[in-house]
Amino acid sequence: MVRIVIIGSGDISRKRHIPGILQTPNGELHGFYNRSRARSEEAAAQWGGKVYGSPAEIWADPQVAAVLVATPTPSHYGLVMGALRAGKHVLCEKPLAMDSREAEEMAAEARKRNRKLMVCHVQRLYEPNVRARELIREGVLGRILSFRTFLGVGGSSAVSQGEPWKNAVAELGTHRIDLMRYLLGAEASRAFGCLVTLDAEKPDAALVSGEDNAFGLVEYENGVYGLMAFSRTSYGRSDRTTWIYGTQGVLTIYGEQDALRLERRDGSVQVFDFSMGEQKKLEITPIHRLFCDCVEQDTEPAISGEDGLAAMRLVDAFRKSQETGTWVRV
């Protein structure tokens with residue numbers, strides 16, 4: 001049994017991580033820490049577990065095997081490094097870090113301490129995405145040529161001061177950056193990015209501290225080219241579609257009507273029976289079971305610190321491209 005303390009008590013904890021751990025046979029929700037002790041006490045009263053007054057208390061508790069870091073991105077580096085140095089395994093929300101330098105140090109610390117560092121890039125665990133990867137591996141699309149992937153949410157565009165973390169390219173875009181790497185099975189080699197703020201005046205928008213839209217072109221090591229677009233100004237119902245084009249057809253993931261659709265070059269169409277679900281609903285995935293399994297069995301995490309680092313390297317390339325106006329090596 002892997003005893004886990006959740007650090008952070010926001011929506012992502014309450015709607016995804018707490019239910020996920022409670023549904024994990026080999027995981028135990030051991031306690032909570034939040035900067036607001038009242039929030040931790042409220043969570044413990046509802047779901048059980050111990051209340052911690054500081055990260056240091058967690059690090060010092062020998063009963064704690066692992067922590068789940070579900071706090072804002074600027075705090076990830078300090079919390080993850082502290083946990084690893086205290087001998088704890090870590091499951092961390094995405095993006096793993098503020099930049100690739102932080103992510104590289106975190107992944108290196110996990111290797112040095114022989115601890116598990118796993119990242120919550122959960123979109124690769126959604127059933128339509130898992131099946132899409134299998135179809136690509138089976139060769140149904142032939143040679144992959146290109147893709148287009150969009151991910152947008154609404155109502156979060158007014159710009160605030162502070163560290164630029166709640167942005168389009170990293171906070172939102174790493175969902176798809178990781179997913180495309182997973183689907184293609186290839187590393188990005190160079191990128192061209194455009195990061196912009198388009199709707200800073202919307203009065204009811206949630207505060208963000210970075211760009212509200214990001215557009216990127218990516219070339220992969222296997223010759224695939226892709227277009228990525230991430231937006232915090234998608235004010236419609238759903239904006240999450242991916243198209244993957246090959247020499248023998250196209251896969252559409254989360255299209256207007258179907259969660260997964262294969263259109264072959266010969267004109268035949270195959271629709272796979274997956275629930276579309278709601279884009280705004282936080283889906284419960286096997287991430288917590290996979291994390292506990294790798295801790296108990298001493299195996300490589302399903303979504304490792306190196307995976308989180310790969311995503312941040314492409315984010316950094318987009319940022320540098322925005323600064324230079326040129327293609328940038330990843």
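**Close-up views of a predicted model**

**View 1. Asp293 and Arg289 lie about one helical turn from each other, because four residues separate them in helix α9 (residues 287-297).** In this predicted model, the two side chains form a salt bridge whose closest N and O atoms are 3.3 Å apart. Asp293 is buried, at 18% relative accessible area, while Arg289 is partly exposed, at 36%.

**View 2. A salt bridge joins Glu105 to Arg101, with an N to O distance of 3.1 Å.** Both residues belong to helix α5 (residues 100-113), where a spacing of four residues places them about one helical turn apart. Glu105 is partly exposed, with 32% relative accessibility; Arg101 is likewise partly exposed, with 46%.

**View 3. Glu219 and Arg190 form a salt bridge, their closest N and O atoms lying 2.5 Å apart.** This pair connects distant parts of the chain, since Glu219 lies in strand β11 and Arg190 in strand β9, 29 residues apart. Glu219 is buried at 17% relative accessible area, and Arg190 is partly exposed at 25%.

**View 4. An open sheet of nine strands has the order β16-β15-β14-β13-β7-β12-β11-β9-β17, with mixed pairing.** Its edge strands, β16 (269-271) and β17 (328-329), each pair on one side only. Seven bridges link β11 (residues 213-220) and β12 (residues 225-231) in the antiparallel sense; Phe215 has Ala229 in β12 as its bridge partner.

**View 5. Helix α6 (residues 127-138) lies across β7, β13, β14 and β15.** Relative to β14, helix α6 runs at about 165 degrees. Helix α10 (residues 305-324) lies across β9, β11, β12 and β17, and runs at about 55 degrees to β9.

Terms used
Residues are numbered from 1 along each chain as its sequence is written. This is a predicted model: local features need pLDDT of at least 70, side-chain atom pairs count only at pLDDT 80 or more; totals for chains, interfaces and linings use all residues. Side-chain values use heavy atoms; hydrogens and water are left out. Two strands pair if DSSP finds at least two bridges between them. Helices (H or I, at least four residues) and strands (E, at least two) are DSSP runs, numbered from the N terminus. Contact means heavy atoms within 4.5 Å. Axes are lines fitted to C-alpha atoms, for helices over the stretch in contact, and angles run from 0 to 180 degrees between N-to-C directions. A salt bridge is a side-chain nitrogen of Lys or Arg within 4 Å of a carboxyl oxygen of Asp or Glu. Buried means under 20% relative accessible area, exposed over 50%, partly exposed in between (1.4 Å probe, protein chains only).
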